[in-house]
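Hi everyone, thanks for making time for this. I'd like to walk you through one model today, so please have a look at the screen.

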Amino acid sequence: MWNKFFETARWLLLLTENTQKLRNDLNNTQQELKRHVEKTDATERELRAALERLAYEVRRVSEQDEHEREKLLLKIENQLLRLSLPPAPKETPRKRHRPDARDEPNKESD
């Protein structure tokens, strides 16, 4: 009977010890997870800031390129005016009209 009592007491002590170890492991894991989440959040904030800076730079470069194209166009027009040539049309060039059989004069009547 005493033997069973001591076995049960030993079993309870082992269970208590294992439970405490598991709680400690769980707390350590939770702390590591919190640190990881904080680090990930900081990295995400840095990436967002870098993306915003990059988007700003892309817009700025695009605007600068547009201004440069406008300046070049004005320089070309200025040179054309100096040469007394008419400036190029501002519209996009249209497709050339290809005459078809209906547009050609009737050769039979000649």
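**Arg-60 and its partner**

Let's start with a single side chain: Arg-60 counts as partly exposed, with a relative accessibility of 32%. Do keep in mind, as we go, that this is a predicted model. Which residue does Arg-60 meet in a salt bridge? The partner is Glu-57, and the N to O distance is 2.9 Å. Glu-57 is partly exposed as well, at 34% relative accessibility. Both Arg-60 and Glu-57 sit in helix 1, three residues apart, which is about one turn of the helix.

Now let's step back to the whole chain. The fold is quickly listed: one helix and zero strands. Helix 1 covers residues 2-82, and the protein chain has 110 residues in total.

Please find Glu-7, which pairs with Arg-10 in a salt bridge; their closest N and O atoms are 3.2 Å apart. Why are these two separated by about one helical turn? Because they are three residues apart in helix 1. Glu-7 is partly exposed at 45% relative accessibility, and Arg-10 is partly exposed at 49%.

Next, look at Glu-17. Glu-17 forms a salt bridge with Lys-21, with 3.5 Å between the closest N and O atoms. Here the spacing is four residues within helix 1, again about one turn. Glu-17 has a relative accessibility of 41%, so it counts as partly exposed, and Lys-21, at 46%, is partly exposed too.

Last stop: the nonpolar side of things. Which residues make a nonpolar surface patch of about 430 Å²? They are Trp-2, Phe-5 and Phe-6. Phe-5 belongs to helix 1, the element that also holds Glu-7 and Arg-10.

Note on methods: Residues numbered from 1 in each chain as written. Predicted model: local features only at pLDDT ≥ 70, side-chain atom pairs only at ≥ 80, totals over all residues. Heavy atoms only, no water. Patch = residues over 30% accessible without salt bridge, like charges linked within 9 Å, V, L, I, M, F, W, Y side chains within 5 Å. Areas by Shrake-Rupley, 256 points an atom, 1.4 Å probe, with all protein chains shown as cover. Salt bridge = Lys/Arg side-chain N within 4 Å of Asp/Glu carboxyl O. Buried < 20%, exposed > 50% of the residue type's maximum accessible area, 1.4 Å probe, protein only.
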